[in-house]
Amino acid sequence: MSKNRNYLLDNIKAILIFFVVLGHYIEPFINTSNGLKFLYVAIYSFHMPLFVFVSGSLLKLNKNKFKWGSIVVPLVISQIIFSLTGMLYSKVNPLFNLYWILWFLLTLLFWNVITPHFIKIKHHFIIAIVLAIVAVFFEYTRPVSLFPFFLIGYHFKDSYLNILKKYKYLFLIVTGAIFVLIFMNIDIINFKTFYYSLSYKTLGYSISIGLLVRIISYIISSIIGIALLTTMPNRKLCFSYIGENTLLVYLVHGIFAKYFAHIKLLQHTSIYIVLLLSIATTLIFSIKILNQGFKKFIKIIYDNKLIHSLQIKKS
């Protein structure tokens, strides 16, 4: 089984899930210092688009086959759990109001369903780009705004990567320059631009500036993503297993993130402690035995084996 794994994607996913955890842990405190805000913007400038790219690549590797239950069951169970835990912090989260981080699972389901059909449309990628840019006029448009990255991942080939690797140092230099520019202008950067979900009005831009910023954000995300893709080894590393087990990390960290925000963690400790907590969360909840149990539980439910066993016991 391990011989058939794509270690490049596993390694990328491992790095990205850590950044997801760290980004969410520091999010409530980014206005307390420019250093935290810079770290947050740097993470958000590429981590979501690259994760979406990887998801598109995985759909293609699986030959357009995906198991609905592997997305729907964790989505439903997590929504129930998050709704209940939300009440602990005196912030009632209605059961049918999609919880914070679960947008990705719902959107991933949408992309997996429509992509095999959408790619049959002539000039489908151009259409996706146009729709993504126009989406800046509307709110909560991540399924459209990030869809081009999913399509790029879906169509991506090893030959493309080999070509890009010839210029990896150029991409690294440009990425460094981008981070320097972000740091120098951190006071005026609207970090919500990289959420890819808000309209130009909400972001405080004019129509022309809003469209320009959306295009620039795509370019920035693409350059940084390419820099990471071209420098990441395509072989098994000590942390490659994490990339195979990101779902449980993603779901569980959502509870911790809300708890840390509730107790105002960074007001009582340092960024180094938060960094260690992010590493610990990623390492602990990507442990193979935990994920094997989690995946088996999910499979039992969507195969209806749990319901079947209950009926047998009842009879």
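Predicted model: local features only at pLDDT ≥ 70, side-chain atom pairs only at ≥ 80, totals over all residues.

## Aromatic pairs and helix packing

Phe-147 is buried, with a relative accessible area of 6%. Phe-147 has an aromatic partner, Phe-118. Under the pairing rule, the count comes to 25 aromatic pairs. In this one, the ring centres of Phe-118 and Phe-147 lie 5.2 Å apart and the planes stand at 65°, so the pair is edge-to-face. The cut-off behind that label is an angle over 60 degrees. Phe-118 belongs to helix α5 (residues 103-118) and Phe-147 to helix α8 (residues 147-155), so the pair ties together parts that are 29 residues apart in sequence. Phe-118 is buried as well, because its relative accessible area is 14% and the limit for buried is under 20%.

Stay with helix α8 for a moment. Tyr-154 lies in this helix too. Is Tyr-154 buried or exposed? Its relative accessibility is 4%, so Tyr-154 counts as buried. Which residues is Tyr-154 in contact with, leaving aside its neighbours within four places in sequence? They are Gly-56, Ser-57, Leu-59, Lys-60, Asn-64, Thr-115 and Ile-119. Arg-235 is 81 residues from Tyr-154 in sequence. In space, the C-alpha atoms of Tyr-154 and Arg-235 are 21 Å apart.

A second aromatic pair sits in helix α14. Phe-256 and Phe-260 are stacked, at 6.3 Å centre to centre and 25° between the planes. Both residues lie in α14. They are four residues apart, about one turn of the helix. Phe-256 is partly exposed, with a relative accessible area of 29%. Phe-260 has 11%, so it counts as buried. Tyr-25, Phe-256, Tyr-259, Phe-260 and Phe-285 form one aromatic cluster.

Next comes the packing of α14 against α1. The axes of helix α1 (residues 7-26) and helix α14 (residues 246-262) come within 9 Å and cross at roughly 15°. Angles under 35 degrees count as roughly parallel, so α1 is roughly parallel to α14. The crossing of α1 and α14 is right-handed. On the α1 side, the contact is made by Lys-13, Ile-17, Val-20, Val-21, His-24 and Tyr-25. On the α14 side, the residues are Thr-246, Val-249, Tyr-250, His-253, Phe-256, Ala-257 and Phe-260. By class, the contact of α1 with α14 has nine nonpolar, three polar and one charged residues.

Val-20 is in helix α1. With a relative accessible area of 5%, Val-20 is buried. What does Val-20 touch, not counting residues up to four places away in sequence? The list is His-47, Phe-51, Tyr-250 and His-253. Val-20 and Tyr-40 are 20 residues apart in sequence. Their C-alpha atoms are 10.0 Å apart in space.

Helix α9 (residues 158-165) and helix α12 (residues 207-231) pack at an angle of about 95°, with their axes 10 Å apart. The range for roughly perpendicular is 65 to 115 degrees, so α9 is roughly perpendicular to α12. Leu-161, Leu-164 and Lys-165 of α9 make the contact with Ile-226, Leu-229 and Thr-230 of α12. These residues divide into four nonpolar, one polar and one charged.

Finally, look at the backbone in two loops. Tyr-196 lies in the loop between α10 (168-184) and α11 (200-203). Phi of Tyr-196 is near 55°, a positive value in a residue other than glycine. At 0% relative accessibility, Tyr-196 counts as buried. Lys-264 is in the loop between α14 and α15 (265-268). Lys-264 also has a positive phi, about 55°, although it is not a glycine.

How values were computed: Residues numbered from 1 in each chain as written. Heavy atoms only, no water. Axes fitted to C-alpha atoms, helices over the stretch in contact; angles between N-to-C directions. Parallel < 35°, antiparallel > 145°, perpendicular 65-115°, else oblique. Left-handed = near helix turned anticlockwise from the far one by under 90°. Contact = heavy atoms within 4.5 Å. Nonpolar A, V, L, I, M, F, W, Y, C, P; charged D, E, K, R; others polar. Phe/Tyr/Trp six-rings, centres within 6.5 Å; stacked < 30°, edge-to-face > 60°. Buried < 20%, exposed > 50% of the residue type's maximum accessible area, 1.4 Å probe, protein only.
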